Amino acid sequence: MMKIWLVGMHGIVASTAITGAKAIERGLVDKTGLVSELEPFKDIERYVPFSFEFGGHEIRLLDGTAYDAALYHWKELHHFNGEILDGVKEDLEKIKAQKGTALNCGSGIEEFGEISTLEQDGLTLREIVERILDDLRKFKDDNTVVINVASTEPVAKYSEEYHGSLEGFERMIDENRREYVTASMLYAYAALKLGIPYGNFTPSAGSSIPALKELSLKNNVPHAGNDGKTGETLVKTTLAPMFSYRNLRILGWMSYNILGDYDGMVLNHQDNKESKVISKDSTLEKVLGYSPYTITDIKFFPSLYDNKIAFDFIHFQGFLGRKMKMHFIWDGIDAILAAPLVLDIARFLLFAKKKGIKGVVKEMAFFFKSPMETDVINTHRQYEQLISWFQQNL
Ligand SMILES: NC(=O)c1ccc[n+]([C@@H]2O[C@H](COP(=O)([O-])OP(=O)(O)OC[C@H]3O[C@@H](n4cnc5c(N)ncnc54)[C@H](O)[C@@H]3O)[C@@H](O)[C@H]2O)c1
């Protein structure tokens, strides 16, 4: 059995991942949506069988269980058959989150209203880190992975002194320089410190700073991120290569996204939104090798809840200078697209650990909008890369 620790355990992505995993284990639903269940990866079952235990950190609804959180989201969205939730109620009621930190998580999380964090208890940075480490130590075994599915943080201000090396990062903790750290860095630090693989499903900094990359290499731990590629960016990075293959020049690409729920509410705050827009916007240049004119925006649309609708307009030029247009509308349910990837990322990271792979697993770029340490953004190439990495390491 593998153990997944979810940072942001009461969010809709986390709740849906937990519900889905337990529903599959109980034979209530099939495995559609899981990449790790595709034919090229069938041998993963030998290393990471489909069986999960969950825990996590949260800053909300800490009196409730994973079932309460799942029920809350389900009542808003009805994003799957309610009988599935009834079928896993007993499993989810056993899962309780621990109190986390929300240091420098931006104004977006104020939307949650009542939150409960370790810093509110007056702890120093060192004490906060020790609490997170303790929670993980109590949960972990050799088959544990941490995945960050907490709200998107503002872009972290980079400090060479404190982020540039592991020594600097640990000095920052000891000197209580909390203005230089974000919660996602602390969770990533704790995971890597304990030798637990870490996946960052969000655009937040997580393990992407040099100090934590150094820690992952020192402790022989694999990690991957950033920002799950689930919707409009998935389509964009799959479609854009088609224009390249046919030597059609993209002149401009507008992507206008509207979404509801907490993710949308948090992303409606300029500081929190900036991380996401950078993450989405940088993809085209990397796929095409040049920068067309782009407009990328994300706006809160409360009644949609977890439906994310993207309106895309592509202006492109062909033979004899002729300009042409393409439009598409992506109408997805975010959590349904994201949840299986959370399980996939956790499984591939545990596989990597079992194979002695350390540092950034860039071959897992397929799962991310802003993959670390690679410029391979084309979804087709990423998929081939994932298959050959997996098969070579079997
Ligand atoms: N849904 C998708 O398709 C998708 C795709 C890519 C990335 N993401 C990212 O995944 C994350 C989760 O998305 P969601 O739709 O589940 O959002 P959500 O708002 O439903 O859930 C986020 C959860 O994180 C908790 N949280 C916030 N800050 C925290 C902290 N510092 N420590 C612990 N818990 C914290 C919140 O209380 C909330 O329960 C977001 O950052 C989102 O941008 C989602």
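Is Asn219 buried, partly exposed or exposed? Asn219 is partly exposed, at a relative accessible area of 27%. On this scale, buried means under 20% relative accessible area, exposed means over 50%, and partly exposed lies in between, using a 1.4 Å probe and protein chains only.

Before we go on, a word on what you are looking at. This is a predicted model, in which local features need pLDDT of at least 70 and side-chain atom pairs count only at pLDDT 80 or more, while totals for chains, interfaces and linings use all residues. Residues are numbered from 1 along each chain as its sequence is written, and side-chain values use heavy atoms, with hydrogens and water left out.

## Asn219 and its surroundings

Asn219 sits in the loop between helix 9 and strand 6 (222–225). Helices (H or I, at least four residues) and strands (E, at least two) are DSSP runs, numbered from the N terminus. Leaving aside residues up to four places away in sequence, Asn219 touches Leu192 and Lys193; contact here means heavy atoms within 4.5 Å. With Lys193 there is also a polar contact: a polar atom of the Asn219 side chain lies 3.2 Å from the backbone oxygen of Lys193. A polar contact is a pair of N or O atoms within 3.5 Å; within protein, one must be able to donate a hydrogen and the other to accept it, and residues adjacent in sequence count only if both atoms are side-chain atoms.

Asn220 is found in the loop between helix 9 and strand 6. Although Asn220 is not a glycine, its phi is positive, about 55°. Asn220 is partly exposed, with a relative accessible area of 48%.

Another asparagine to find is Asn104, in the loop between strand 3 (98–99) and helix 5. Asn104 is not a glycine either, yet has a positive phi of about 55°. At 35% relative accessibility, Asn104 counts as partly exposed.

## Sequence distance and space

| Pair | Apart in sequence | C-alpha to C-alpha |
|---|---|---|
| Asn219 and Gly359 | 140 residues | 9.0 Å |
| Ala240 and Val145 | 95 residues | 33 Å |
| Asp63 and Lys96 | 33 residues | 8.4 Å |

Ala240 belongs to helix 10 (residues 232–245) and is buried, with a relative accessible area of 0%. Not counting residues up to four places away in sequence, Ala240 touches Trp253, Leu284, Val287 and Leu288. Asp63, in the loop between strand 2 and helix 3 (66–77), is exposed at 80% relative accessibility.

Which residues of helix 7 (residues 166–174) are buried? They are Leu166, Gly168, Phe169, Met172 and Ile173. Seen down the axis of helix 7, these buried residues fall within an arc of 165°, so they line one face of the helix. The arc is that of the directions from the helix axis to the C-beta atoms. On the face turned away from the buried side are the exposed residues Glu167 and Asp174. The buried residues of helix 7 pack against helix 5 (125–139), helix 6 (160–163), helix 8 (183–193) and helix 9 (210–218). After helix 7 comes Asn176, whose phi is positive, near 60°.

## Around the ligand

Which of the 31 residues around the ligand come nearest? They are Glu58, Arg60, Thr101, Ala150 and Tyr187. A residue is near a molecule if one of its heavy atoms lies within 4 Å of it. The shell around the ligand divides into 14 nonpolar, 10 polar and seven charged residues. Here Ala, Val, Leu, Ile, Met, Phe, Trp, Tyr, Cys and Pro count as nonpolar, Asp, Glu, Lys and Arg as charged, and the others, Gly among them, as polar. Helix 1 (12–25), strand 2 (52–58), helix 8, helix 11 (261–267) and helix 13 (334–354) each supply at least two residues of the shell.

A polar side-chain atom of Thr152 lies 2.9 Å from an oxygen atom of the ligand. Taken alone, the ligand exposes 830 Å², and the protein buries 99% of that; accessible areas come from the Shrake-Rupley method with a 1.4 Å probe, and for residues only the protein chains shown count as cover.
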